[in-house]
Amino acid sequence: MFRILAIGIDAAAGAVIFIPLFSILSGWLLKHRNRTGKILYMLFAAYLTSVFSATGIPWFRNVTTDLSVNLIPFADILNSPSEYIKNSLLNIILFIPAGMFLPLLWKEFQDLKKTAAFGFGLSLVIELLQIFTFRLTDIDDLITNTLGSMIGYFIANQLFYVLNGKLTAERGNCKRELPILAGVVFLVCFTVQPYVSEYFWELFIY
């Protein structure tokens, strides 16, 4: 419960920064999207903030180097099966929304392979960033996170196939919108978001 609260506070802290920023940029960045599309875009940004919070990307003030790497798939399952299954399920659940947001926002991701590739790529970036924290860089996370994004794709596919006859998305510019969204969210989380999050914690505690 505490971890969920922490992730929620971190996501809110990030949203306080990037929602006004994206609102300012929306006239250029999101000019072809309607209100629903813009809200989905903001929600996806909040989701990425939650992912970065849950996975513990480094903050510029406490960057360190820790080469704790596991390249052997499923190696830890024998050490603690229940804990391994729990962590694997959490990783899968964490990336399910990615597989749902992507095809809704961009037509390019109405292809399962591209959605899975994004899930793998995002997970790979996170695992590489964890080299600069005290967290373990683990190949199992790549597998479970990619699986989660694929499950999310199938959930979105089924839901919106029933509603619309097919999986649809607005004609957003993926090559422009997605890199800017990911880059802004990362920079916010890497720099100022921890300060805002700390302030929110003080309000919550006191």
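**Figure 1. Contacts of Phe22 in the predicted model.** Leaving aside residues up to four places away in sequence, Phe22 touches Leu29, Tyr41, Met42, Ala45, Ile180, Leu181 and Val184. The model shown here and in the other views is predicted. Phe22 belongs to the largest nonpolar core and is listed there with Tyr41 and Leu181 among the residues with the most contacts inside it.

**Figure 2. The largest nonpolar core.** This core holds 35 residues. Those with the most contacts inside it are Phe22, Tyr41, Phe44, Tyr47, Trp106, Leu181 and Val185. The elements that each give two or more residues to the core are α1 (2-29), α2 (35-55), α3 (81-105), α4 (112-129) and α6 (174-190). Of these, α2 gives the most, with 9 residues.

**Figure 3. Cys174 and Cys189.** Searching the whole structure gives 0 disulfides. Cys174 is in no disulfide, and the nearest cysteine sulfur to its own, that of Cys189, is 20 Å away. Cys189 is likewise in no disulfide, its nearest cysteine sulfur being that of Cys174 at 20 Å. A pair counts as a disulfide when the two sulfur atoms are within 2.5 Å, so the 20 Å between Cys174 and Cys189 rules this pair out. Cys174 has a relative accessibility of 11% and counts as buried. Cys189 is also buried, with a relative accessible area of 7%.

Figure 4. Gln130 is found in the loop between α4 and β2 (137-138). Its relative accessibility is 3%, and because the limit for a buried residue is under 20%, Gln130 counts as buried. The side chain of Gln130 reaches the backbone oxygen of Thr55 at a distance of 2.7 Å.

**Figure 5. The largest pocket.** The volume of this pocket is about 870 Å³. Its lining is made up of 29 residues, and Ala54, Asn87, Leu90, Asn91 and Arg135 lie nearest the centre. Two or more lining residues come from each of α1, α2, α3, α4 and α5 (139-164). The largest share of the lining, 9 residues, comes from α3.

Figure 6. In the core the most residues come from α2, whereas in the pocket lining the largest share comes from α3.

Terms used. Residues are numbered from 1 along each chain as its sequence is written. This is a predicted model: local features need pLDDT of at least 70, side-chain atom pairs count only at pLDDT 80 or more; totals for chains, interfaces and linings use all residues. Side-chain values use heavy atoms; hydrogens and water are left out. A nonpolar core is a set of buried Ala, Val, Leu, Ile, Met, Phe, Trp, Tyr and Cys residues joined through side-chain atoms within 4.5 Å. Buried means under 20% relative accessible area, exposed over 50%, partly exposed in between (1.4 Å probe, protein chains only). Helices (H or I, at least four residues) and strands (E, at least two) are DSSP runs, numbered from the N terminus. Contact means heavy atoms within 4.5 Å. A polar contact is a pair of N or O atoms within 3.5 Å; within protein, one must be able to donate a hydrogen and the other to accept it, and residues adjacent in sequence count only if both atoms are side-chain atoms. On a 1 Å grid over the protein atoms alone, a cavity is a set of points where a 1.4 Å probe fits but cannot get out, and a pocket is an open set with protein on both sides within 12 Å along at least five of seven lines; lining residues have an atom within 4 Å of a point. Grid points are joined across faces, edges and corners, and a volume is the space filled by probe spheres set on the points.
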